[in-house]
Amino acid sequence: MHLSTIVQSEQASEMTTAARQKGKRRQRFSKRIGPYLFLLPATLFMLMFLLYPVITMILYSVEQVNLGTLLTGNIPFIGLANYRTVLSDPVFISSLGTSLLFTGACLVFQFSIGFLLALLFNKRLPLVGLMRGLIMVAWVLPIVVSGTIFKWMFQSDSGIINYLLMSLGIIHAPIHWLINANITIWTVIIANIWIGIPFNMSLLLAGLQGIPATLYEAALLDGANGFNRFLYITLPLMRSTSLIVLMLGFIYTLNVFDLVYVMTGGGPVNATEVMPLYAYNVAFEQFNLGSGSAVAVLMFLLLLVVSVFYLFLTRKEEVA
Amino acid sequence: MARTSREALVSMMTDIHRGRINRREFLERTIALGVSSGAAMALLEACGGSSGASSSGPITLTLWDYFQTAGKGYLSVIDAFMKANPNIKIQRTSIPFADLKQKIIQGAASKQLPDIVVIDNPDHSAFSSMGILADITSEVSAWGQSDEYFPGPWKSTTWQGKNYGVPNNSNCLALYYNKDMFKAAGVTAPTTWDELHSTARKLTKNGVYGFSMSLVKSEEGTFQFLPFLWQAGADLSTLDSPSGVSALQYLVSFVKEGLLSPECLNWTQQDAITQFIAQKAAMCMNGPWNLPATQQGAKFSWGVVPLPQGQQPASILGGENWAITVTSSHVKEAWSFVQFSQVLTQLRNYIVQDDRLPSRKDLASDPAFQQDPNIAVFVRSLQTARPRAYGPNYPKISNAVQQAFQSAISGQLSASAALNQASQTIAPLLS
């Protein structure tokens, strides 16, 4: 081969590789940057409406924030003093206990009743669609409305609940649903269970409908009875749905504020003062935004622990 | 009362806001907190107030109040001021009562407070002490009308000997009673604690309680409880003294003997008057803002008398004050508006038309307040009405008082133990 042709061909091949590389680079660029551009709106949204408030909350929790310091703009850093104030307040400790009892009891009953209803509505029964729709009313109704209605129903003197229980002869003296410190927390729990059932039911129902009918047919052919089919097919396959329902339920229930506020305002004394209500009182009734933020951070940590636990459980499941 | 029913309804609505009855306004921030407390904190930063006024050319004064359905009288004061001062424009923003405190906190955070604010009088000293209100002591002394005001309302606008506002209108508590039930039982309206007790006992029968009042766990409950404490001759500084304990014990005995429903622990003032209107209670301790509602709802003859006295007569003062913020760049113009609103002809028109009570002695003697005997009783009760002027820690103090009366009335603690506990919390807060 002639030398010049070799040089020429090499030049040509160099050119094509350069062009190819350029094209590749552009491709790589669009591959690399493109996805981030698509992420941009969501990221901005997250930064503005999720990250910024959380960071502000954390900052406030270590500063002395009240009206006076906000106005001067000279907000002193006080370290963990807000946390010490909050943690040494017996009302906070009792609100933590109240919140855990409230959340725990609501979850147990909401979930089990929701599960039973989901099993029922998963059957082909007449009017099932209508019933399912009606049950959602509890979820659709504004909580201020349902809370007020519950407050009326649970009045000692004129409430319908005491009236019914007394006419049926179940009780002989009116129960002080909203003013007996030992009972009131359960009154609020009952109301919240009613509100939470449709949420649990509809998610669990969706999970049930995702289980292939063929599995049940096969089990039926193998002679498994109804209970065994539930135990060995339904329950294991509902595990991940149940976990997410419980997890979301925990977050929603721990954050319940409006229902308690409307029904009891945290009373009598502090019997129903759950953590969000306590945070609200400290921040907006006593003007101490720093301590109020500290309570919010503590709640946030509690929810974080539960979320990590949930992730741990689901990760194990994926490996298995 | 020569007013149409619609007007009555409108003024009742404003009064409901003022009386902390309507809790629906809480929904917004309720949701914010229900979803995440962090989001509420963010709202605090994110939402600004109305913009400040520019100093060039005509001046705009910004004004915040909580009159969602502002009375005609109130609006006409603002219009008249703008007519008299064509170079000053007043830009009014109305914020639901339940949100006003929060909104002021937001305004302070974003440094966008209005020039003038309407403040519920128990909060006034807290706001003064936090340094968000302008010190107008020299303006007030130059004006020289402080002696025209009732001492209670006036005291609520001062903090450590300085003036931070001017009272605008007042309210207080008195006793509503069902004249028909009283006639049937052959009793007359009570004037002392003993009479109130014995009358309530005679009237309690057939599912009717002798007495109703709110002892709810909020400022409303404190508002209703404090008059008893004062009537007994005690005060927050002597909460657990024998006379202080006697006040709480007196109320405990009402509940124990079934003269007052234990539901009072969960009743707002609105709930308490509803019991009275529905003839479930023969007497009710309540404020003048419920006069229109009672007028419309009650299917029986009724009247109002001053609160029965213990060791001494006492009622409690509620009401609204004007204040100018420390951030205002138009303190002079704002002060001229406040002064204008207190000119008797303006003030009389506003207070009579909007069914308020006067804070000024010279206005209280006006025949307009003597025509309606029930309003006259409230105006007379203003003489003994005391303000809740307990300094910047009042919200915390009030919370401790609520815990005390709630735990004694629900039977968890004795009256003396409950008050002892509360006074230990309160003592360092009363400075």
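How many residues from chain B and from chain A does the contact take? In this predicted model, the contact takes 43 residues from chain A and 38 residues from chain B. On the chain B side, four helices each supply at least two residues that touch chain A: α2 (26-35), α3 (37-46), α5 (97-109) and α20 (394-409). By residue class, the side of chain B that touches chain A consists of 16 nonpolar, 15 polar and 7 charged residues.

Chain B itself has 431 residues, of which 56% are buried. Its secondary structure comprises 21 helices and 12 strands.

Between them, 28 residues of domain 1 of chain B are in contact with 29 residues of domain 2 of chain B. On the domain 1 side of this contact, two or more residues come from each of α1 (5-18), α6 (121-129), α19 (373-381) and β12 (385-386) of chain B. Among the elements on that side, α1(B) gives the most, with 7 residues. The side of domain 1 of chain B that touches domain 2 of chain B is made up of 12 nonpolar, 10 polar and 6 charged residues.

Methods: Residues numbered from 1 in each chain as written. Chains lettered and ligands numbered in written order. Predicted model: local features only at pLDDT ≥ 70, side-chain atom pairs only at ≥ 80, totals over all residues. Contact = placed C-beta atoms within 7 Å. Nonpolar A, V, L, I, M, F, W, Y, C, P; charged D, E, K, R; others polar. Buried ≥ 20, exposed ≤ 12 C-beta atoms within 10 Å, placed from the backbone.
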